[in-house]
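Q: I have a protein model open and I am new to this. Can we go through its features one at a time?

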Amino acid sequence: MNEMNEMWNLPEGFIEKTDTDELLLYADTDSAYLLYDLPFDKYEDINQLVNYVQRIAKELGVLYNGALEHYLSNIGLNPKYNTMDFKSEVIAYKGFFNTKKFYSLSKAWDEGVYFEEKPKLKTTGGQIKKSDVTQLTKALLTEVYNVLVMDLKQVDTNKMYKIIFHTLKNKYKLQIQQDIQSMNFKSFSIPKKWGNTKKTVPPFVTGAMLYNALMEDTFRPSDSFIVVKIRIDLFKLTEYFKNNEINENEFTLQYYDILKLKDKINVISIPPELTDEQKDNLINIMKQLNIQLNYDDIVDSNIDSKLLPFEKLFKAE
């Protein structure tokens, strides 16, 4: 503290007194984003880009501090003890902002570090960082980020829109078809933990009961699980339980006829780790009962809903 007082020529104890002043309600930093036309190609020399932006930050600092001093002088406060500091923490080649907490930048420089060979990707709020996103969604969004941020030469918004909402979207819809065909559950589903189920019986609990009934297993709420969206054949499912006389499990006790089953079963909960034998057995039973993976719901949860926020970035139809 004493070194800071000497550096700014402040009275002894000024900082300590200010920090505890009852009139100091709140102090924080914030960011300002300004759009400048560069007088040179930003890709030709990263040092030139950084130096130019740093100079702008310093000039803005002088201007804003001048305005601040004028304001404080006219309201009777001493401008000597008030200041604004401006610095260019991040210099980005390219980026997008969807909301305050959802953005991505291709950084050329950050806090004194140059990225000369390949820009560094910085993401905040993006789902490619989240653990509760499927493998397929992360792969899709990684490619979307590459188009929007890491492809430095691509600036045509119509072309980017077509790549994202046609080329990539169709690519991963085809991938879902292939994963459904091979029953690759882990591609489009994520393991979850059992939550509080005291008030109502959520779909994933009924889905676990269905799995236990089909596989004659003891998959319990203490286990983690994967929820897979399905379509069932009501007639075949009820006939299966009647013909096999499976009457002593949670599922058949609650859903013993078509009226009970209708609109109740749209997922099956399976263990995140299945042996090859268990997987083959489950696939055979599902085929026998015409239980199908719900392609439309899987596409919506893995692709459509995840791409929706990016629509706001484009004017194209």
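**Salt bridges, strands and loops**

A: A search of the whole structure finds 6 salt bridges. This is a predicted model: local features need pLDDT of at least 70, side-chain atom pairs count only at pLDDT 80 or more, and totals for chains, interfaces and linings use all residues. Residues are numbered from 1 along each chain as its sequence is written, and side-chain values use heavy atoms, with hydrogens and water left out.

Q: What counts as a salt bridge?
A: The rule is a side-chain nitrogen of Lys or Arg within 4 Å of a carboxyl oxygen of Asp or Glu. Take E143 and K171: their side chains meet at 2.6 Å, N to O. This pair links distant parts of the chain, with E143 in helix α4 (residues 135-150) and K171 in helix α5 (residues 157-181), 28 residues apart. Helices (H or I, at least four residues) and strands (E, at least two) are DSSP runs, numbered from the N terminus.

Q: Which residue meets K169 in a salt bridge?
A: D304 does, at 3.4 Å, N to O. D304 lies in helix α12 (residues 295-307) and K169 in helix α5, so the pair ties together parts that are 135 residues apart in sequence.

Q: Are D110 and K107 buried or exposed?
A: First, the scale. Buried means under 20% relative accessible area, exposed over 50%, and partly exposed in between (1.4 Å probe, protein chains only). Both D110 and K107 are buried. Their side chains also form a salt bridge, at 2.7 Å, N to O. Now look back at the helix pairs. E143 is partly exposed at 22% relative accessibility, and K171 is partly exposed at 44%. D304 is partly exposed at 30%, and K169 at 23%.

Q: How do I read strand pairing?
A: Two strands pair if DSSP finds at least two bridges between them. Start with strand β6 (residues 225-231). It is joined to β7 by 4 bridges, and the two run antiparallel. K229 stands opposite V267 in β7, and I226 stands opposite I270 in β7.

Q: Which other strands are joined to β6?
A: Strand β5 (residues 191-192) is joined to β6 by 2 bridges, running antiparallel. Here P191 has I226 as its bridge partner in β6. Another 2 bridges join β6 to β8, also antiparallel. There, R231 stands opposite Q292 in β8.

Q: Which way do the residues of β7 point?
A: From strand β7 (residues 267-270), V267 and S269 point one way, while I268 and I270 point the other way. All of them are buried.

Q: Where is N290?
A: N290 is in the loop between α11 (276-288) and β8 (292-293). N290 also has a positive phi, about 55°, although it is not a glycine. N290 is partly exposed, with a relative accessible area of 30%.

Q: Which residues form the negative surface patch?
A: D41, E44, D45, E116 and E117 form it. Patch residues have over 30% relative accessible area and no salt bridge; like charges are joined within 9 Å, and nonpolar side chains (Val, Leu, Ile, Met, Phe, Trp, Tyr) within 5 Å. Asp and Glu count as negative. E116 lies in the loop between β3 (113-114) and β4 (120-124). E116 is exposed, with a relative accessible area of 59%.

Definitions and conventions. Areas by Shrake-Rupley, 256 points an atom, 1.4 Å probe, with all protein chains shown as cover. Charge placed at Lys NZ, Arg CZ, Asp CG, Glu CD.
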